[in-house]
Amino acid sequence: MSKDLFNRYIWLVEAVRSRGRITRRELDSLWRVSKLNNGSPLCRRTLLNYREAIESIFNIRIEVDPATYEYYIANDSAQSGSVSNWMLNARALADTLTNAADVAERIVLEDVPARQNLGTAIDALRQHRALRFDYKRYTSSRPNRGVVVETYFLRVFHQRWYVFGLNVAENQMKTYALDRMSNLTVTDREYDPEKAITPQEYFRDAFGIVVPRGEPRHVVLRADSKFAPYLRDLPLHPSQHEEVHDGFSSFYYNMLLSEELVNQIVSYGSLLRVLEPPELRSMVIKAHQDALAQYDDDRKKRPSDRSKKGNPKS
C-alpha cells in the first residue's frame with residue numbers, strides 16, 4: 001500500500017469523524033481543497049473502495065444514511081487506547097508535523113524511550129513466544145539475567161512501554177519496563193494465546209500498570225467546575241461517570257486502590273478531593289502529609305541557622 005493511499009484513508013476517517021455526519025457535497029468540498037487531491041474527483045467507486053479498505057484495516061465502518069444521504073461512522077472501533085486509534089492519531093500527527101518544518105524549532109515533543117526493543121517485543125507477541133532478556137531495576141545494582149516471560153500484551157503508560165506476561169520461572173504475571181531490558185531475544189518457547197489473559201481483563205479495575213490484589217472499590221472524587229472539564233476529557237478510568245452540581249462535579253469509579261492511583265490524585269493537589277472510600281482518603285492525606293513534612297523539617301532548621309549567623313560568638 002502506498003503512503004499516499006494510506007493517508008487518504010486517514011483523511012476520510014477524520015473528515016467523517018470530526019463532523020459526526022457529512023453530506024456527499026460537503027465531502028467533495030473538503031476533498032477539493034485537500035493536499036491529497038491530485039486533481040481527480042472522489043468518485044462513487046473510489047469512495048466505496050476507500051470505505052471497504054478502512055473497515056478492513058481499522059475496523060471502522062462508514063455507512064450512508066438512506067434518509068439523509070449523510071455519511072457517518074457506524075461502529076467506531078478505534079477507541080482510546082486501541083492500536084487503530086494510535087495509528088490514526090500517529091499518522092495525523094506525522095502529516096501535520098511534516099507540514100510544520102518551518103516552525104520545527106518551536107515545537108517540543110515528549111520522548112518515549114525503548115523504541116529499539118519494541119520491534120522484538122512485538123515479534124514475540126505476534127508469534128506467541130516467550131522473550132528472554134536481562135532486566136535491571138532502578139533499585140538493583142546488578143541486572144537479573146536470563147528472565148523468560150511469555151509476552152501476553154504491551155502497554156504504553158506515562159511515556160514508557162511495558163511488557164506484561166507470565167514469568168516462566170516464578171509462574172506469575174509480571175510487569176517489565178521495556179527500556180530497562182537488554183539482550184532481548186525471542187525464544188522458541190510457545191504458548192497458547194487462547195489461554196493467555198487479555199489486557200481488557202487484566203486492567204479492567206486497575207489504574208496504571210500495577211494491578212494490586214483485592215476487590216475494586218466504589219471511588220468518589222470531587223472536582224470544582226474549573227477542573228471538571230479536564231477529567232471529562234481525560235478520564236482516570238473507563239468506569240468514570242459524572243454528576244454535575246452547582247460549582248462542582250462528582251466523579252464515580254469502580255477501581256482497585258493502589259499507590260499509582262494515590263500518586264495521580266495527589267498530583268492534582270487541591271483541584272481534586274477524595275470523598276469515598278475512607279481508605280483512599282487516608283492514603284491521599286498521608287501522602288500529602290509526608291510531602292509537607294519534608295518542608296516542615298526545613299522550616300524547623302531555619303530559625304537555628306539564623307540565630308547562629310546573628311551571634312558572632314557562636
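1. Let's start at one end: strand E4 (residues 129-135) pairs with E8 in the antiparallel sense, over five bridges. Within this pairing, Arg132 has Thr185 of E8 as its bridge partner. Strands here are DSSP runs of at least two residues (E), numbered from the N terminus, and two of them pair if DSSP finds at least two bridges between them.

2. A word on the source: this is a predicted model, in which local features need pLDDT of at least 70, side-chain atom pairs count only at pLDDT 80 or more, and totals for chains, interfaces and linings use all residues. Residues are numbered from 1 along each chain as its sequence is written, and side-chain values use heavy atoms, with hydrogens and water left out.

3. Now the whole sheet: it is open, has five strands in the order E7-E6-E5-E4-E8, and its pairing is antiparallel. E7 and strand E8 (181-190) are the edge strands, each pairing on one side only. From one strand to the next, the twist averages 45°.

4. Strand E5 (residues 144-157) joins E6 through eight antiparallel bridges, with Glu150 partnered by Leu166 of E6. Two residues lie between the strands of this hairpin, where His158 has a positive phi near 50°.

5. E6 also runs antiparallel to strand E7 (residues 172-177), with six bridges; Val163 is partnered by Tyr176 of E7. This hairpin has four residues between its strands, and Asn171 takes a positive phi near 50°.

6. Why is strand E6 largely enclosed by the rest of the structure? Eight of the eight residues of E6 (residues 160-167) are buried, meaning under 20% relative accessible area (1.4 Å probe, protein chains only).

Key. Buried < 20%, exposed > 50% of the residue type's maximum accessible area, 1.4 Å probe, protein only. Axes fitted to C-alpha atoms, helices over the stretch in contact; angles between N-to-C directions.
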